[in-house]
Amino acid sequence: MVAVTMTDTEASMLDFRVVVERGPFNLDVEAVIGVGEVVAVMGPNGAGKTTLLEALLGSIPLRAGWVILDGQTLEAPGEVETLPTHEREIGMVFQDGLLFPHLNVLQNVEFGARGGRDAVAGLLEALEIEGLVDRYTGELSAGQRQRVALARTLATRPRAVLLDEPLAALDISGRARARRLIGDVLRSTASGALIATHDPADALAMADRVLVLENGRVTQFASHDLMRTRPASGWVAELMGYSFLEGLGAGSMVILGNGTEISTARNDLKGHVAAIIRPTAVALYLERPSGSPRNSWQCRVESIEFVHDIARVSLVGPFSFSADVTRSAVQELGIRSGDHVWASVKATEVVIQSIDS
């Protein structure tokens with residue numbers, strides 16, 4: 001069978017290579033999702049997130065590749081007969097939920113459900129919607145509708161679940177609660193899940209790994225920690241708040257296009273590389289720091305945003321970057337938007353990423 005020659009599926013729930021052409025856009029994505037694993041699919045607008053989910057569901061035919069679910073090949077052009085969407089045992093939760101307006105919550109969840117009332121009751125309780133069973137969709141908040149939609153999908157006992165921007169319509173407080181509930185339920189009941197989202201908080205709260213798509217290709221498929229410490233592209237670095245500065249390696253230096261030199265702890269740099277600077281590695285001073293650290297630049301404060309006790313200070317100097325400092329540090333420095341400061345980064349804090357020519 002085609003599955004045997006592609007990937008060892010014994011420890012995987014969803015194994016795929018999706019090659020799709022939609023006009024000028026070409027998507028080519030390959031990945032393996034483990035049993036019980038929740039994966040977030042992220043990327044800029046137009047990267048192919050929704051197209052990937054629709055292809056896995058069977059709504060868009062593959063030009064090439066394969067989709068293997070729990071060892072069964074659902075689609076492989078030229079190899080096996082394509083299994084239609086309704087036979088794939090893949091559940092889909094759309095952004096708007098797509099609930100039946102003429103049915104109440106319980107009737108929506110029970111529609112197509114497999115198993116008895118106890119299984120449905122367990123889902124209702126886990127998603128904290130057991131008190132809404134007699135309400136109709138028009139009486140629900142956006143967050144409640146999404147939880148009902150997920151319960152309805154999981155009640156069919158799919159082997160994999162796909163969610164397309166499930167929290168996009170929720171406010172900040174609603175998103176936080178929904179992330180916790182949905183993440184917990186997916187891990188406890190789903191055999192594997194992909195969540196397309198543009199919000200890194202969704203990925204951090206609900207997913208085990210993140211699959212990053214850019215221009216129809218995978219640029220990184222990794223854990224949150226690895227994305228934070230080793231972002232593989234400028235988009236990923238910016239997403240995590242890092243600066244991704246491309247330039248030419250010259251011994252211990254990275255020379256940017258504008259001539260700015262960034263010192264590193266390496267001494268073997270050459271060719272096209274990126275210097276990655278974490279916001280937490282940037283120190284701020286009102287005057288040039290004593291001892292003249294090798295990486296010090298005078299910058300203008302573009303903005304200051306507070307999240308709890310951390311201040312994200314956006315800076316414009318020889319390049320644009322950010323510093324994460326404490327709220328008290330901002331108060332002690334007395335800085336505001338438009339002020340000038342010195343920013344310093346130790347050479348040992350500069351991470352180097354090789355870039356293929």
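Leaving aside neighbours within four places in sequence, Q353 is in contact (heavy atoms within 4.5 Å) with R230, P231, A232, F244, V273, A274 and I276. Q353 sits in strand β20, residues 351–354; strands (E, at least two residues) and helices (H or I, at least four) are DSSP runs numbered from the N terminus. With a relative accessible area of 18%, Q353 counts as buried, a word that means under 20%, while exposed means over 50% and partly exposed lies in between (1.4 Å probe, protein chains only).

A quick word on the ground rules. This is a predicted model, in which local features need pLDDT of at least 70 and side-chain atom pairs count only at pLDDT 80 or more, whereas totals for chains, interfaces and linings use all residues. Residues are numbered from 1 along each chain as its sequence is written, and side-chain values use heavy atoms, with hydrogens and water left out.

Next come the nonpolar cores, each a set of buried Ala, Val, Leu, Ile, Met, Phe, Trp, Tyr and Cys residues joined through side-chain atoms within 4.5 Å. In soluble globular proteins, nonpolar side chains tend to be buried together. Here the largest core has 47 residues, and V109, L150, L163, I182 and L186 have the most contacts inside it. Helix α5 (residues 142–155) gives this core its largest share, six residues. Not counting residues up to four places away in sequence, V109 touches V120, L124, V148, A151, R152 and A155. Apart from this core lies another, of 31 residues, with L27, L62, L83 and A196 among them.

In α4 (residues 117–126), the buried residues are V120, L123 and L124. They cover an arc of only 100° around the axis, so they lie on the same side of α4; the arc is that of the directions from the helix axis to the C-beta atoms. The face turned away from this buried side carries the exposed residues D118 and E125. Helix α2 (residues 49–57) is mostly covered, with seven of its nine residues buried: K49, T51, L52, L53, A55, L56 and L57. Just after α2, G58 takes a positive phi of about 100°.

On a 1 Å grid over the protein atoms alone, a pocket is an open set of points with protein on both sides within 12 Å along at least five of seven lines, a cavity is a set where a 1.4 Å probe fits but cannot get out, and lining residues have an atom within 4 Å of a point. Grid points are joined across faces, edges and corners, and a volume is the space filled by probe spheres set on the points. The largest pocket holds about 480 Å³. Of its 21 lining residues, I90, G91, M92, T153 and T156 lie nearest its centre.

The second largest pocket has a volume of about 280 Å³, and β16 (296–307) and β17 (310–316) each supply at least two residues of its lining. β16 gives the most, with three.
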